[in-house]
Each structure stands twice: as C-alpha cells, then as structure tokens.
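Please keep the sequence and the structure in view while reading.

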Amino acid sequence: MSSTLVLDPAKVVRRSSLGRDVDPRLPSNRLAIVGALLAALATGLAALAGLEIGLSPFSAALGVFLSWAIARELDPDHPAAAAIALPVSFVLLVLVGPSSLLVSTGLLLGARMTAGTVGTPLRLLDVVGIVALSALLGTSVVGAVGVAAMGVGVLVDEPRRERALAVVGSAAVAFAAAALVTGVEWAWMLPDTSGWVVLVIGVAATLLVIPAAPPDTPTDRTGDLVQGGRVTAARVVAGVGVVAAFTLAGGTGIAALAGTSVAALAATSIRQIMAGRN
C-alpha cells in the first residue's frame, strides 16, 4: 500500500500572514513570472555570447521578481507599478550588479507587514521565519537593514505589544549571534558613479511617492481596505532602507538594494507621474 502526500501551496500561504498568493491566472502575476524567466534567459544568453554583465540567471530572475513584489506592496492599487519595476530592476542589476536577495527579502517582508496588505496578525510560522531570516542576515553588515525593516513591520502589524517586542527582540538576538559567530567585519566602500546615481534615484523616488493616496484595494484575507497611512509608511521603510544601506556600507549597500527596493520605488514614482500623481 502506498500513499501520496499532496502539498497545496494555497494552504501553506494561508497558514502564514507573510505569504501572498502568486496566482498565474492573474495578468500581473503572469507578467512577473514571465519577466523573471526573461531576465534569466537574457542573462544566460549574454554569458553564452561572452558578455560579462556580473549577473547569474538565478540572481537576475530573483532580483526582478523581488522588485515586482516590493512594488506590489508600495502601490497595491496599481499593478502597473509592479510591471514597470521588472525592466527597471533588470537595468539597475546590469548597471550596479546583483542585489542582496536576503536583505531584499527582509525589506519586502518589512514593507508587507507595514503596509498590512495581507490583513492578519503574525502566526507561529511567520515568527519562526522572521527569526531564522534575521540569523541569516547576520552574515553581513547590510543585513541589519533587512532586520530593521522587519522589526518596523512587526511593531506596526502586531496588535499585541508584548508579543511584538518579543519577536523583535528575538530577531535582534538572532542577528547579533550570527554576526558574532561569523565574525562579520564592517567596511565602507565609496560608491562609483552608477552607485551615486542609483542613490539619488532612490531618494528622489521616495520623496515623490510620499504620501500615498488612499487605496481602494482590500487586504488578502479580511476584505478590509488597505490603509493609506500604512502604505505611506511602507514607502518610507523602503526609502530609508536604501539610505541606511548606503550609510552602513557605501557602494556595497547601494548595490544590495538597487535592483529591488530602488527599482520598486522608481517604478512607483514613474507610475504616479504617468497617472498625474494619483
């Protein structure tokens, strides 16, 4: 007698308040999947042609997908912003180099919790994931940006103050312990011209997208409307994260978020300009 274990991704997502469905039946989601695949394909073809662009297909695909996901949190009413983020991300990844997937994931989760797009409090699986990711982020100085973004998100999203402080404290301890074990060394690198340009783009885009217009989009789980103030706060988290990464590590910090957070902020600002600020 044999048995088959079938894992339903939708059920797994519902057990988490950090996961969001990427339903391929929706045009925006299909575009994200195709965009990631095209980024990987373009990077692979460039390598076969002998062009050195400093990207692997894996880092290109995940980088543009993370930029799309972050833009979705920063501009929940408008899938166009996430769509614009895909090509913007690829251009920045080619110009500046691969982004840090760990730091970008931390910033994505922080923005998601701050914006409140899922709509339900953190669950046990979420807490374990936040602490585990914080430990992984402890392997680099810039990882502090991802931990801080998640910490802000927890404090905004978790209604029970004692639980929120316990989660943030556990994440901070995990980050510090990992940093001590791995012997992380602090180093600040002067950005090159492209790095300075990306920093200016990130700061300018942040200023352009604040405040956010009141959204008409419901949360994933409850049906309540996403709050405009929280979306504005998420945009601030993304922008401050870029500046904090630069402050901590200079050019290395800018590169860590150029193709993800900066691309998402730039795409959101482009979408707003095209739509006349709405």
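Among contacts in the protein between residues at least 6 apart in sequence, what percentage join residues at least 24 apart? The figure is 78%, where contact means heavy atoms within 4.5 Å.

## Basis of the report

This is a predicted model, in which local features need pLDDT of at least 70 and side-chain atom pairs count only at pLDDT 80 or more, while totals for chains, interfaces and linings use all residues. Residues are numbered from 1 along each chain as its sequence is written, and side-chain values use heavy atoms, with hydrogens and water left out.

## Overall architecture

The secondary structure comprises eleven helices and zero strands, giving the pattern α-α-α-α-α-α-α-α-α-α-α along the sequence. Helices (H or I, at least four residues) and strands (E, at least two) are DSSP runs, numbered from the N terminus. The protein has a radius of gyration of 18 Å, close to the 19 Å that the globule rule gives for 278 residues, so it is as compact as a globular protein of that length. This radius is taken over C-alpha atoms, and the globule rule is 2.2 Å times the number of residues to the power 0.38.

Taken along the principal axes, the box filled by the C-alpha atoms is roughly 55 × 50 × 45 Å. Of the 278 residues, 48% are buried. Buried means under 20% relative accessible area, exposed over 50%, and partly exposed in between, with a 1.4 Å probe and protein chains only.

## The packing of helix 7 and helix 8

Helix 7 (residues 143–157) packs against helix 8 at an angle of about 170°, and their axes are 9 Å apart. Axes are lines fitted to C-alpha atoms, for helices over the stretch in contact, and angles run from 0 to 180 degrees between N-to-C directions. Helix 7 and helix 8 are therefore roughly antiparallel to each other; angles under 35 degrees count as roughly parallel, over 145 as roughly antiparallel, 65 to 115 as roughly perpendicular and the rest as oblique.

On the side of helix 7, the contact involves Gly143, Ala144, Val147, Gly151, Val154 and Leu155. These meet Arg161, Ala164, Leu165, Val167, Val168, Ala171 and Phe175 in helix 8. The residues of this contact divide into ten nonpolar, two polar and one charged. Here Ala, Val, Leu, Ile, Met, Phe, Trp, Tyr, Cys and Pro count as nonpolar, Asp, Glu, Lys and Arg as charged, and the others, Gly among them, as polar.

## Aromatic pairs

Three aromatic pairs are present in the structure. Rings of Phe, Tyr and Trp (its six-membered ring) pair if their centres lie within 6.5 Å; planes under 30 degrees apart count as stacked, over 60 as edge-to-face and the rest as tilted. Trp188 lies in the loop between helix 8 (161–182) and helix 9 (193–208), and Phe246 in helix 10 (residues 228–249), so the pair ties together parts that are 58 residues apart in sequence. Trp188 is partly exposed, at 36% relative accessibility, whereas Phe246 is buried, at 16%.

Phe246 also forms an edge-to-face pair with Trp196, at 5.5 Å centre to centre and 65° between the planes. This pair links distant parts of the chain, with Trp196 in helix 9 and Phe246 in helix 10, 50 residues apart. Trp196 is partly exposed, with a relative accessible area of 37%. Together, Trp188, Trp196 and Phe246 form one aromatic cluster.

## The loop between helix 9 and helix 10

Pro211 lies in the loop between helix 9 and helix 10, and the peptide bond from Ile210 to Pro211 is cis, with omega near 0°. Ile210, Pro211 and Ala212 are in contact with Thr232, its neighbours within four places in sequence being left aside. Thr232 is found in helix 10 and counts as buried at 14% relative accessibility.

Thr219 is also found in the loop between helix 9 and helix 10, and at 9% relative accessibility it counts as buried. Leaving aside its neighbours within four places in sequence, Thr219 is in contact with Gly116, Thr117, Val118, Gly119, Asp224 and Val226.

## A residue of helix 2

Leu31 lies in helix 2 (residues 27–48) and is partly exposed, at 40% relative accessibility. Beyond its neighbours within four places in sequence, Leu31 is in contact with Ala83 and Leu86. Leu31 and Ala83 are 52 residues apart in sequence and 7.1 Å apart in space, C-alpha to C-alpha.
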